[in-house]
Amino acid sequence: MPEIKQALMPTPPWRRTDYCGAPRAKDAGREVALWGWVATRRDHGSLIFIDLRDREGIIQLVFNPEHDAAAHAVAEAARAEFYLAVRGRVVRRSEGSVNAELPTGEIEVVVTAAEILNPSLPPPFPLSGAEGAAEEVRLKFRYLDLRRPEMQSNLRRRHQALRGARAYLDAHGFIEVETPILFKATPEGARDYLVPSRVNPGRFYALPQSPQLLKQILMVGGFDRYYQIARCFRDEDLRANRQPEFSQIDIEMTGPRPEDVHEMAEGMMASIYQYAAETEIERPFPRMRYDDAMERYGSDKPDLRFGLEMRNLSAAFAGTQFKVFAETLARGEQIYGLVLPAACQLSRRELDDMAEGLRSRQALGLAWLKIAPDAWQGPIAKFISDQERTRVAEIAAPAAGDTLLMIAGARGKVRPALGDLRLRLGAKFDLIDRAALKFLWVVDFPLFDFSEEEKRLVSVNHPFTAPHPDDIGLLDSEPLKARALAYDMVLNGQEMGGGSIRIHNAELQLRVFELLGIGREEAAVKFGFLLDALGFGAPPHGGIAFGVDRIAMMVCGTDSLRDVMAFPKTQKAVDPMSGAPSEVDPRQLRELSIRVAL
RNA sequence: GGGGUCGUAGUUCAGCCCGGUUAGAACGCCGGCCUGUCACGUCGGAAGUCGUGGGUUCAAAUCCCAUCGGCCCCGCCA
């Protein structure tokens with residue numbers, strides 16, 4: 001079997017001159033040598049066509065037994081996903097046999113020599129055509145999945161996005177510095193992945209959740225402008241857009257104001273979109289205060305691709321006869337509503353389902369009114385006075401045929417709930433402009449939130465975030481009212497990145513730790529190196545970090561992170577291809593002084 | 001930890017409600033024929049622990065319970 005002999009050879013019998021996807025009509029007459037996988041094979045008995053595929057595309061090969069019997073024999077033996085080397089001449093296809101679907105469709109290669117460099121088992125799922133195959137199978141045979149043009153294109157766009165980021169950052173004086181993967185466990189934030197230290201029995205490294213502290217220390221270390229495409233690890237449950245390990249474009253600058261970070265980040269994002277999508281994006285991005293985002297969209301990452309803005313209707317219902325609203329207001333709670341335009345009609349059933357969902361999940365009531373010119377309609381219409389209608393109309397301006405949806409309850413619950421409803425309605429009625437790129441900055445985040453679980457203040461961002469200069473006085477009196485110098489970049493309702501100006505003064509940092517319930521001693525043990533560093537002339541600094549995977553999802557237009565990562569894990573954080581995580585040899589555990597208690 | 005949903009040839013799915021002979025289809029695979037196809041065509045063939053375990057029943061892919069796994073979501077996570 002001549003094909004087996006060639007398959008044992010470590011290198012191909014001839015060099016490649018072109019990628020399969022490269023030749024065009026102008027190459028007619030050229031002798032080319034190609035390597036690639038058999039995408040499809042059409043055997044006419046004597047004449048055989050093979051579509052050969054590599055990363056650049058697909059080209060049609062013609063095997064005619066009258067030209068070369070040996071090459072033809074190879075084509076006869078070849079099957080899907082065999083890796084072939086061929087030589088031949090590029091020829092123009094005859095009129096009428098041109099394939100307009102293929103970029104190479106005006107030409108074909110008449111093969112004069114062919115070798116099977118390696119045969120293939122029949123692929124366990126079809127690589128062309130349908131998206132059909134179950135994700136588990138795709139992940140198990142990821143090397144085959146990655147050959148698919150769609151995955152090839154996604155990972156290349158991701159590569160281009162990173163090129164765009166690097167090009168911009170390089171041009172603006174940022175220095176790429178690598179930081180350790182074996183780092184120190186941190187008490188705040190997500191669960192850490194731990195790595196035992198063999199030479200220090202009983203001690204553990206943690207994989208970094210982000211290089212946050214290290215990049216701050218690089219500022220103290222004088223690098224002035226730093227960036228890194230950093231791998232980050234968080235041991236939390238997975239989602240369609242969340243993997244346990246992911247990448248960030250991590251950036252830190254000495255001495256910026258928030259606006260300086262914004263300008264830089266917008267420039268970088270523009271560069272990313274140029275490289276990865278050949279798209280110009282509009283700058284500067286609008287800015288929205290956190291309070292406004294919550295008030296109008298019920299979210300700290302509002303999707304501005306459609307309207308359906310929320311309004312606080314509490315004032316309109318002061319003194320109302322409608323018992324539920326009256327009780328809500330008496331408790332000091334709020335009524336928020338949004339107007340669904342006449343074009344979007346919800347059936348009674350749909351409204352009831354929505355109401356039921358809100359009641360069971362969040363213990364919130366949904367009320368609705370259909371707007372008719374005179375009398376509004378709905379189960380609660382009879383409780384609504386003329387005066388209330390007038391006042392609601394002033395605030396929310398509904399038109400005839402519209403539906404007014406209202407949720408009553410504590411502000412902290414109502415706004416996100418209505419915001420969530422807004423998103424579902426936007427999707428349901430297809431109000432979202434798919435082509436739009438709606439960037440914005442959300443600014444003036446609160447510095448702290450109160451954790452009901454832990455009965456203490458927690459950082460909204462992280463404990464190193466600087467308070468707004470106007471609010472430093474509030475730290476002592478009303479810390480929950482203090483704003484942070486923090487900002488998120490949001491695109492189409494997705495958080496692309498977030499950052500802040502950091503605390504660069506050890507005293508202020510200790511004060512913030514204290515408010516978070518971290519005493520001086522604990523701070524010294526856990527963050528001593530940071531506090532020490534801040535004590536040696538640490539310059540003011542701040543920065544931002546972007547989710548590379550989410551950026552890749554946006555430029556590829558996919559909903560699943562797994563489509564833009566080469567080797568993602570399943571929801572159970574398993575890699576079906578390698579079988580990780582796996583059990584290990586008892587000897588390895590002994591060396592690490594680890595005993596497993598299940 | 002919780003909710004939803006799916007699991008049947010290599011793949012995608014039908015059959016399941018309403019239990020009843022040999023569990024079907026398409027694609028793929030194997031073999032034959034075919035010199036202009038491009039999802040080639042055409043003739044024939046092989047291929048299934050119905051996720052796993054238990055239960056109900058004369059009889060289970062089908063009904064019940066448990067369990068494992070994929071996906072989506074809540075919690076968790078910036």
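Here are a few questions and answers about helices and strands in this predicted model.

Residues count from 1 along each chain as written, chains are lettered from A and ligands numbered from 1 in written order. Local features need pLDDT of at least 70, side-chain atom pairs count only at pLDDT 80 or more, totals for chains, interfaces and linings use all residues, and side-chain values use heavy atoms, leaving out hydrogens and water.

Me: Is α5 parallel, perpendicular, antiparallel or oblique to α7?
Reply: Helices (DSSP runs of H or I, at least four residues, numbered from the N terminus) are what we're comparing. The axes of α5 (residues 149–171) and α7 (residues 258–277) cross at roughly 140°, with axes being lines fitted to C-alpha atoms over the stretch in contact and angles running from 0 to 180 degrees between N-to-C directions. Under 35 degrees is roughly parallel, over 145 roughly antiparallel, 65 to 115 roughly perpendicular, and the rest oblique. So α5 to α7 is oblique.

Me: Which residues in α7 does α5 meet?
Reply: Contact means heavy atoms within 4.5 Å. From α5, residues including R157, Q160 and Y168 take part. On the α7 side you get E263, M264, G267, M268, S271, I272, Y275, A276 and A277.

Me: Which residue in β9 is the bridge partner of E176?
Reply: Strands are DSSP runs of E, at least two residues, and two of them pair if DSSP finds at least two bridges between them. Two bridges join β6 (residues 175–176) to β9 (residues 225–233), and these strands run parallel. The partner of E176 is Y227.

Me: How many bridges join β9 to β10?
Reply: β10 covers residues 245–254 and runs antiparallel to β9. One of the pairs has R225 with M253 in β10. The bridge count is nine.
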